[in-house]
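Thanks, everyone. I'll walk through one structure today and keep it quick. Please have the viewer open.

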Amino acid sequence: MIKEVSLYHQMNGGIHMNQLVTGKFIALKRKQKNLTQEQLAEKLGVSNKTISKWETGKCMPDYSIIKSLCEELEVTVAELMDGEMSEEKSVRTYDDEQILDLLRRTQGLEKQKNLLYGIILIVMGIAVQALSYAFGGSNFKDFISGLLLGLSIAEMLVGVYVVGKSLTGR
């Protein structure tokens, strides 16, 4: 029986992994090995909250830790991403290294996207701040000017936060 890799599926024109299925699989394999989240976390050098996030489908393991996770759970990368054990005679379209490379590149693009969002917020904040200086002269116009100034500061602060978070990798 030939089985195509099912870890990716088309959704809204993009490629997405089913985090929930993968998370449930991680939990199942961890429990089969009689490990607590804390024990698995200690073996991988992450927090037990990180394991919980994986198992609930809130996020995926970082590509840099997937190999270690697979070794601890005694599964292949493809099985981890599929969220199920492969059948004995199944044929994989991708090998583990290709999947890891794809995950690395995908996570890198996510970081770049978040960095770009932060920069856009900062630039928009500067533009709104410049616009706020165009108003003034009456009480209502001063109010609008102050409102725009406050909005611009808030946008820039959120932008700086997003850029900082993106650069630190959190």
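Predicted model: local features only at pLDDT ≥ 70, side-chain atom pairs only at ≥ 80, totals over all residues.

Which residues of α1 are buried? They are T22, G23, F25, I26, A27, K29 and R30. Note that K29 and R30 are on that list.

Now the geometry of this helix. Helix α1 covers residues 19-32, which is 14 residues. At 1.5 Å a residue, the span should be 20 Å. The end C-alpha atoms are 20 Å apart, so expectation and model agree. Just after α1, N34 takes a positive phi of about 55°.

Is T22 buried or exposed? T22 is buried, because its relative accessibility is 0% and the cut-off for buried is under 20%. What does T22 touch, beyond residues up to four places away in sequence? The answer is M60, L80, M81 and G83.

The largest nonpolar core has 22 residues. Within this core, I66, L69, L80 and M81 touch the most other members. Helices α1, α2, α3, α4, α5 and α6 (96-132) each supply at least two residues of the core. The largest share comes from α4, with 5 residues. As background, nonpolar side chains tend to be buried together in soluble globular proteins.

Take L69 as an example. Leave aside neighbours within four places in sequence. L69 is then in contact with I26, L40, L44, W54, P61 and L80. I26 is one of the buried residues of α1. L80 is also one of the contacts of T22.

Let me zoom out to the whole chain. How many helices and strands are there? The count is 7 helices and 2 strands. From the N terminus on, the order is β-β-α-α-α-α-α-α-α. The chain has 170 residues, and 31% of them are buried. The chain exposes about 11000 Å². Carbon and sulfur atoms supply 58% of that area.

On to helix α7, which runs over residues 139-168. With 30 residues at 1.5 Å each, α7 should span 44 Å. Its end C-alpha atoms are 43 Å apart, which agrees. The buried residues of α7 are S145, L148, S152, E155, M156, G159, V163 and S166.

Pick S145 from that list. Why does S145 count as buried? Its relative accessible area is 14%, and the cut-off is under 20%, so S145 qualifies. Setting aside neighbours within four places in sequence, S145 contacts S132 and F135. S132 sits in the range of α6, residues 96-132.

Last item, the cysteines. How many disulfides does a search of the whole structure find? The search finds 0. C59 is partly exposed, because its relative accessible area of 24% falls between the 20% and 50% cut-offs. C70 counts as buried, at 5% relative accessibility.

That's the tour.

Definitions and conventions:
Residues numbered from 1 in each chain as written. Heavy atoms only, no water. Disulfide = S-S within 2.5 Å. Buried < 20%, exposed > 50% of the residue type's maximum accessible area, 1.4 Å probe, protein only. Helix = DSSP H or I, 4+ residues; strand = E, 2+ residues; numbered from the N terminus. Areas by Shrake-Rupley, 256 points an atom, 1.4 Å probe, with all protein chains shown as cover. Contact = heavy atoms within 4.5 Å. Expected span 1.5 Å × (residues − 1). Core = buried A, V, L, I, M, F, W, Y, C linked by side-chain atoms within 4.5 Å.
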